[in-house]
Amino acid sequence: MLASRARLIAGVGAALAIVAIGVAVFALQSARTSPVGDVALVAPEAVVVLDSERGLVAAGARLDAAALAHGVRQARVHLQAAAATADAVAQTATQPSADQPSDGPDADAVDAAGAQLTASVAGLDTAVARLEGLVAVAVSGGAAIVRDATAAVSGAALITAGMEAESARAALEAAHRGWLAALDAQAAEQARLAEEARASAADPAPGADGRPTDSAGDILWVTSVPTAEGDGSNGHLPMSVMCHIPWGTDQLGYAQYLRCDAADALTGLNDAFRAAFGESIAMDLTYRSYADQVAMKAAFGALAARPGTSSHGLGTALDVQEWPDVYGFGTERYAWLVENGPAHGWHAPARVREDGPHPEYWHFEYAP
Ligand SMILES: [Zn+2]
């Protein structure tokens, strides 16, 4: 009797349990497909189960949405950095430059660095395109994505793609530096070779006093080479205070010298110039010895400064090439040099400005 009653209780208990589970399962399914209003009609225990289930889903969705938003923010930072780097590279790399001879010393190194640069640009383009695609999907479909765990775009995917874009950007930056360094090395080597050639040049034309001449025998004025024993006065600067400019020569290939601080500052100005125009400043004359100034005065009279007074004799003056269409008053390069030179200590003195008493668009002086 007791045993059969116990069986009955157990049987009813089991039946109730099965019904309860059924209700709970139904409630759970309803929760996924029905509005909350319908769900409230289900048994209270089922609502407890349902709420906790929905709460977990909602909390998960909030986390996914936050991760997605974070991923999009990070991606935008990476995309901005990538654009800035690509821009900087494009400014120096797209135009054929006077600094980029196709042959000559170190041409292979320059070619290899150029190929590396090109490959890095392509690498960044690919990474950026992928990241931009993910951002576009995330921004347009973000709300749907966080409810669908199988969707391709997640915060984690954006972060991963963003890191890939950042490493492609860093690779491009390194390749760009390498390319510029190869160009600088090539220019320095050219200057060295030119100096060697000058040192071993054949006998100068009679009357030119050791100076180079053109085919008609006229003197070609070039930058003076400082001597070891100069006393430091105007036109007698010793080599110890002078620096060879590593990135350029005059149009004849002769090396250029300035007082070291002026040379360093000019290199800084030239870096900015090259970023703006894709080429180095075309130098004509820099340092001028006393003897050369005496010879110039004899040749040009009032047009040349009195020996001992020229800023060229102090190693603090630069003449760009006398190319009126390129560097003349009103040209883009002249305006740029006048505007940007002072940040590097280089300026066009008032007396040689277009409205000054001795207009010389080519002449700039260092006075920080
Ligand atoms: Zn000058």
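Once neighbours within four places in sequence are left aside, proline 307 is in contact with Gly235, Tyr290, Gln293, Val294 and Lys297. The model is a predicted one, and its protein chain contains nine helices and six strands. Of the 368 residues in the chain, 29% are buried, and among contacts between residues at least 6 apart in sequence, 66% join residues at least 24 apart.

**Proline 307 and helix α7**

- Proline 307 is placed in the loop between α7 and β4, and this loop residue is buried because 20 other C-beta atoms lie within 10 Å.
- Valine 294, one of the contacts of proline 307, is 13 residues away along the chain, and the C-alpha atoms of the two residues are separated by 5.6 Å.
- Helix α7 spans residues 290-300, and its residues Asp292, Gln293 and Met296 are buried. These three lie on the same side of α7, because they cover an arc of only 100° around the axis.
- After α7 comes glycine 301, which has a positive phi, near 60°.

**The four-stranded sheet**

- Four strands form an open sheet in the order β3-β4-β6-β5, with antiparallel pairing; β3 and β5 (346-347) are the edge strands, each of them pairing on one side only.
- Strand β3 (residues 283-285) is joined to β4 in the antiparallel sense over two bridges, with methionine 283 opposite valine 320 and leucine 285 opposite aspartate 319.
- The pairing between β4 and strand β6 (residues 363-366) is also antiparallel and extends over three bridges, and in β6 glutamate 365 is the bridge partner of alanine 317.
- Which residues of strand β4 (residues 317-320) point one way, and which the other? Ala317 and Asp319 point one way while Leu318 and Val320 point the other way, and all are buried.
- In a regular strand, side chains alternate between the two faces of the sheet.

- Strand β1 (residues 242-249) and β2 run antiparallel and are joined by four bridges; together they form a hairpin with five residues between the strands, and glycine 253 in the turn has a positive phi of about 90°.
- Strand β2 is mostly covered, since five of its five residues are buried.
- Leucine 258 belongs to strand β2 (residues 255-259) and stands opposite cysteine 243.
- Why does leucine 258 count as buried? Leucine 258 has 28 C-beta neighbours inside 10 Å, and the cut-off for a buried residue is 20 or more.
- Residues up to four places away in sequence not being counted, leucine 258 touches Met242, Cys243, Ile245, Ala263, Leu266, Thr286, Tyr287, Gly315 and Thr316. Isoleucine 245, which is 13 residues from leucine 258 along the chain, has its C-alpha atom separated from that of leucine 258 by 7.4 Å.

**The largest nonpolar core**

- The largest nonpolar core has 59 residues, of which Leu124, Leu131, Leu134, Ala165, Leu258 and Leu266 touch the most other members. At least three residues of this core come from each of domain 1 (48-197) and domain 2 (204-366).
- Leucine 258 and Leu266, both named among these core residues, are also in contact with each other.
- Leucine 134 is in contact with Ala75, Val153, Ala157, Leu158 and Ala161, when neighbours within four places in sequence are left aside.

**Confidence of the prediction**

- The protein chain has a mean pLDDT of 80, and 77% of its residues reach 70 or more.
- Over residues 95-100 pLDDT stays under 50, and for this stretch the model has 10 contacts beyond four places in sequence.
- Where pLDDT is low, the predicted coordinates should not be read in detail.

Key: Residues numbered from 1 in each chain as written. Buried ≥ 20, exposed ≤ 12 C-beta atoms within 10 Å, placed from the backbone. Contact = placed C-beta atoms within 7 Å. Pairing = 2+ DSSP bridges. Core = buried A, V, L, I, M, F, W, Y, C linked by C-beta atoms within 7 Å. Domains from an automatic or database assignment. pLDDT = per-residue confidence, 0-100. Arc of directions from axis to C-beta.
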